[in-house]
Amino acid sequence: MSGSGFSERLDRFLDLLREFYESRHRGALAREMRDEDDLFMLLVFSEMMGIPNPASYYTLELLPVLYEGFHDWHIRMGMEHSPLDHFRCC
Amino acid sequence: MSAIVLAALGLGGFALGYVFYSRFIADRIFQLDPDFETPAHAQEDGVDFVPTNRWVLWGHHFTSIAGAAPIVGPAIGVIWGWLPAFLWVTVGTVFFAGVHDAGALWASVRNRGESIGALTESVVGKRARSLFMVVIFLLLLMVNAVFAIIIAQLFVDVRSSVIPAWFVIAVALGIGWLLYRRGVPLLWPSLIALGLLYASMFVGAVFPVSLPEEVLGLQEPAQWVLILFVYAAIASLLPVWVLLQPRDYINGIQLFVGLAIFFMAVLLANPTVVAPAFNTGLPDDVPPLLPLLFVTIACGAISGFHGLVSSGTTSKQLDKESDVRFVGYLGSVGEGALALAAIIACTAGFATLGEWDSFYSTFAAGGIPAFVQGGGAIISEGLRLPVHFAETLLAVMAVLFAATTMDTGVRLQRYIVQEWGVIYDLPILTGRVAATIIAVGLCIALAFGAGGGAGTGGLMIWPLFGTTNQLLAGLTLLILSVILMKLGRPTIYTLVPMVFVLVMTVLALLVQLAGFWRQEQYFLLVMDLFILAAAIWVALEALSTLRRARMSEPEEEVEVGV
């Protein structure tokens with residue numbers, strides 16, 4: 001019994017240690033990640049905005065995946081509504 | 001007097017302060033409510049606002065606020081004898097720092113996690129906000145310059161610390177890469193990193209590193225100062241996960257290990273405090289205890305810098321409002337314990353009073369070297385380690401604290417310069433590299449302006465750094481008092497520390513002003529005048545804001561800003 005108690009406690013401690021490592025700079029990292037994702041979003045939607053994108057045939061299938069974050073993205077980019085005529089959002 | 005008694009008195013005092021005084025403050029003054037929805041929950045976004053386990057958060061808070069400063073301050077401050085430094089650290093931590101740190105955290109939690117800077121604007125006014133920015137920039141400037149000088153001095157005094165201090169950068173880079181690029185679990189890299197760090201100290205002892213005595217008219221410490229700033233500039237431009245994150249992590253672990261080793265060694269060796277309780281044979285250049293003690297020991301007794309950490313990042317991650325007491329108050333108690341360790345090392349680590357006297361022969365002669373030598377002697381006696389290894393261990397500990405603070409400090413300064421670039425429409429300042437060069441250039445100018453070609457006299461800035469730090473603390477306490485006044489609650493527990501800190505700061509600036517004039521240190525004189533102007537400005541703002549707050553009716557049921 002005590003053995004499993006110890007390993008549980010060790011696991012718990014390691015989880016906290018991991019959180020200790022990650023959480024201090026979590027904000028900075030998440031922001032950087034978001035900036036990169038925003039750029040990627042722009043790439044994927046670029047064809048619809050009139051920017052020629054040779055890879056648009058391949059990025060088309062990403063649209064349903066990225067649509068989830070589309071609303072937050074256009075708000076972050078300072079546009080109150082979807083900038084695309086045929087791509088409604090809110 | 002036995003060092004164990006001193007440690008027991010100090011730690012016992014902190015414990016009583018936490019159990020009784022912090023509970024009183026938390027229940028009666030801040031009236032912490034465990035059911036209040038903290039910003040971490042109300043505004044949870046996965047980026048800044050994330051509810052975090054209180055132990056983890058305490059670990060972060062403590063390791064962010066504890067650095068080289070709570071070691072340097074007491075190490076210089078014991079020159080007046082161990083008693084004044086000891087009393088100021090214990091009383092300061094319990095009645096000043098704990099209330100200040102927890103208060104900044106509470107005020108921020110009750111105001112959507114806003115930073116003290118933003119709170120200054122909403123509580124005091126726009127003018128005070130600009131004042132706040134100026135004080136912070138001055139503080140960062142001095143932190144970076146002073147810490148570079150301290151590291152350089154350590155590299156010259158304890159040459160065996162050079163290899164481990166730089167080697168840890170490689171270890172940090174390795175950990176960052178393993179964790180982020182390889183997804184390796186944290187446990188083994190941590191243990192191996194610590195093992196490598198301590199092994200490298202033995203290597204360092206075998207291969208002490210020294211630079212040429214003079215290059216282009218620059219002496220050895222000055223060369224190190226330049227090298228360190230080049231490093232800090234590069235480090236602050238790297239992505240966070242590459243270096244800063246693993247380095248902060250190793251640093252944090254190392255802080256806990258170091259504190260445990262030290263207090264264990266004190267317990268086992270039970271050294272005697274050889275320094276006098278009050279030093280009657282003070283060297284000629286030592287300024288009067290009152291007011292200088294209270295700015296020489298800033299971190300470890302009360303430090304405005306903590307408010308920035310409390311309200312900047314910690315408040316956005318607080319799970320429950322009642323955690324304010326645990327994270328904020330206990331964080332400053334941790335820092336007090338580090339300052340206590342420094343006091344013991346610098347007063348009990350010497351064999352005789354004569355040896356102590358010869359070490360503390362001038363005002364700035366003590367400092368970190370005394371900590372390294374005294375603490376090294378205690379550790380080597382208590383844990384039966386070679387003296388040289390024990391000294392290297394403490395020197396590396398101090399270097400790592402100071403260097404990590406420099407990394408972050410230069411990064412923050414760059415942000416401020418970039419912000420000025422945006423505000424004043426100067427595109428040249430907004431670039432990352434240009435802003436970093438400006439920030440680092442100013443720090444180098446300060447380091448050399450104060451010390452000349454040797455780059456060492458810069459420790460003269462230390463008390464100035466303390467005054468700026470206390471100014472910031474005064475500002476934070478002012479904001480707290482105004483908020484409490486508006487809520488119709490007692491303000492005496494924040495007002496008394498505020499008045500004390502501001503009075504001591506202004507007095508210390510005046511005393512130093514006279515000193516710089518006599519020593520013809522015109523660069524520092526101008527600096528002193530700048531800070532004095534800021535101090536008077538803070539005091540005036542405090543008076544007018546408090547008068548305004550007193551005249552308006554208290555709004556008991558309505559929370560400020562919510």
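Select Ile151, Phe155, Ala165, Trp166, Ile169, Leu228, Tyr231, Arg247, Val399, Leu400 and Ala403 of chain B: these residues line the largest cavity of this predicted model. A cavity is a set of points, on a 1 Å grid over the protein atoms alone, where a 1.4 Å probe fits but cannot get out, and lining residues have an atom within 4 Å of a point. Helix H7 (126-157), helix H8 (162-181), helix H10 (220-237) and helix H17 (387-423) of chain B each give two or more residues to this lining. Helices are DSSP runs (H or I, at least four residues) numbered from the N terminus.

The space in the largest cavity is about 70 Å³, a volume being the space filled by probe spheres set on the points, which are joined across faces, edges and corners. Its lining comprises ten nonpolar residues, no polar ones and one charged; Ala, Val, Leu, Ile, Met, Phe, Trp, Tyr, Cys and Pro count as nonpolar, Asp, Glu, Lys and Arg as charged, and the others, Gly among them, as polar. The whole structure holds five cavities of 30 Å³ or more.

Residues are numbered from 1 along each chain as its sequence is written, and chains are lettered from A and ligands numbered from 1 in the order in which they are written. Local features need pLDDT of at least 70 and side-chain atom pairs count only at pLDDT 80 or more, while totals for chains, interfaces and linings use all residues; side-chain values use heavy atoms, without hydrogens and water.

Next, select the lining of the second largest cavity, which includes Ser22(B), Phe30(B), Gly98(B) and Tyr329(B). About 60 Å³ of space lies there. Helix H1 (3-29), helix H5 (82-109) and helix H14 (323-348) of chain B each supply at least two lining residues.

Just after H6(B), Gly125(B) has a positive phi of about 150°.

Finally, display both chains. Their contact (heavy atoms within 4.5 Å) takes 30 residues from chain B and 20 residues from chain A. The two chains bury about 2300 Å² between them, counted as the accessible area (1.4 Å probe) lost on being put together, summed over both.

Technical notes. On a 1 Å grid over the protein atoms alone, a cavity is a set of points where a 1.4 Å probe fits but cannot get out, and a pocket is an open set with protein on both sides within 12 Å along at least five of seven lines; lining residues have an atom within 4 Å of a point.
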